[in-house]
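Subject: Structure handover

Hello,

Here is the structure I promised. Please open it next to this note; my findings follow below.

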Amino acid sequence: MNGTTPNLPGILVGGTVQDQKRYKLICQLFNNIYRFATLYDTTNRIPVFSAYTFTGPPTDPRPNPTWMIEPQLNGVNNSPEMKNMGEHYQHQAGNYDYSNSIQNKGVNKGHLFPCSHAHDLDTQKSTFTLTNILPQVVSFNNGRWMKMEENVREKLMTDCFSNNRKIKAYVVTGAVPSKNKTLKNRVNIPDLMWTAYCCYNKKKKWKAEAHWGWNKKGKRKTLKPETLGALEKELNQFHQGGRVQVFPKDCPRGPKPTTNQPSWKNYLERISSTVRNLSNSMMNRIG
């Protein structure tokens, strides 16, 4: 949004990756078009987050493509476009890592940028890269998380619009890795998953909403909507040395939509106006 990246202390600060050997920014390229962006952790072999623009529901049925990987993570001179390749890679997860994952660990492949939020067929297909995937507990992925994705999609379709009145929303979805849970001692099984969106609503005000949930079995049918500020406060627990900021300041941190964050000058003008009104009121009473 506004050409800015999320701020995650220790990982991504001011648009700069802190450990560039470990974390890789990927512009997800499919059929010669950039579809979305991912920050990938080559140590844990899962994405830190994927960021995308929602422009409407799918126009085609869900595809069933072969899972792809990123050649660029295997070498700087390799193709920047996702490809169907082999099974096992040093710096990223492969199909081999997810084989028998349900039977062995009770997890399956979970999208960060969900196929159900991609507007056209090629963008749907592009979500099937393993750099956009992480291990999710099956009942969480197919239950609370999926229901939340459906609910958010409906909200984005009815509440979020660009200046030309077309559907448009900015979405970032990420995960907090676990300390020692893995698939085949290679792919981290995250503890927490989170997502947030920010958009311009019908009243031409910025609106934001967030969700997060623990990657485990649970009784609830969906995830509770939260404020963007609450999500950032939650994520601050996992990122030391600064403040988490998922979206720029235009996006409201509280429950109410806003136009822009008021400046100190506006605050002072409001205070001065209030003081003047009180003074005039008191003088009229005295008079």
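A disulfide here is a pair of cysteine sulfur atoms within 2.5 Å. With bonded cysteines counted along the chain, the disulfides follow the pattern 1-3, 2-4. Some ground rules come next. This is a predicted model, where local features need pLDDT of at least 70 and side-chain atom pairs count only at pLDDT 80 or more, while totals for chains, interfaces and linings use all residues. Residues are numbered from 1 along each chain as its sequence is written, and side-chain values use heavy atoms, with hydrogens and water left out.

**Disulfides**

The structure holds two disulfides. C160 and C199 form one, with sulfur atoms 2.1 Å apart. Its S-S torsion is about -55°, so this disulfide is left-handed. C160 sits in the loop between α4 and β8, and C199 in strand β11, 39 residues apart. (Helices are DSSP runs of H or I with at least four residues, strands are E runs of at least two, and both are numbered from the N terminus.)

C198 is joined to C251, S to S 2.0 Å. This link is also left-handed, with -105° about the S-S bond. C198 lies in β11 and C251 in the loop between α5 and α6 (264–286), so the pair ties together parts 53 residues apart in sequence.

Buried means under 20% relative accessible area, exposed over 50%, and partly exposed in between (1.4 Å probe, protein chains only). C198 is buried at 0%, and C251 is buried at 0%. C160 is buried at 0%, and C199 at 1%.

**The sheet**

Six strands form an open antiparallel sheet, in the order β3-β4-β5-β8-β11-β12. Strands pair if DSSP finds at least two bridges between them. The edge strands are β3 (23–30) and β12. Seven bridges join β8 (residues 169–176) to β11 (residues 192–200). There, T173 stands opposite T195. Helix α4 (residues 138–159) packs on the sheet and touches β5 (46–54), β8, β11 and β12. Contact means heavy atoms within 4.5 Å.

**Strand β7**

β7 (residues 133–137) has five of its five residues buried. I133, P135 and V137 lie on one side, L134 and Q136 on the other. β6 (residues 107–111) pairs with β7 in the antiparallel sense over five bridges. V107 stands opposite V137.

**K217**

K217 is in the loop between β12 (206–214) and α5 (228–236). It counts as exposed, at 70% relative accessibility. Leaving out residues up to four places away in sequence, K217 touches V137, S139 and R144. The C-alpha atoms of K217 and R144 are 9.4 Å apart.

Best wishes

Definitions and conventions: Axes are lines fitted to C-alpha atoms, for helices over the stretch in contact, and angles run from 0 to 180 degrees between N-to-C directions.
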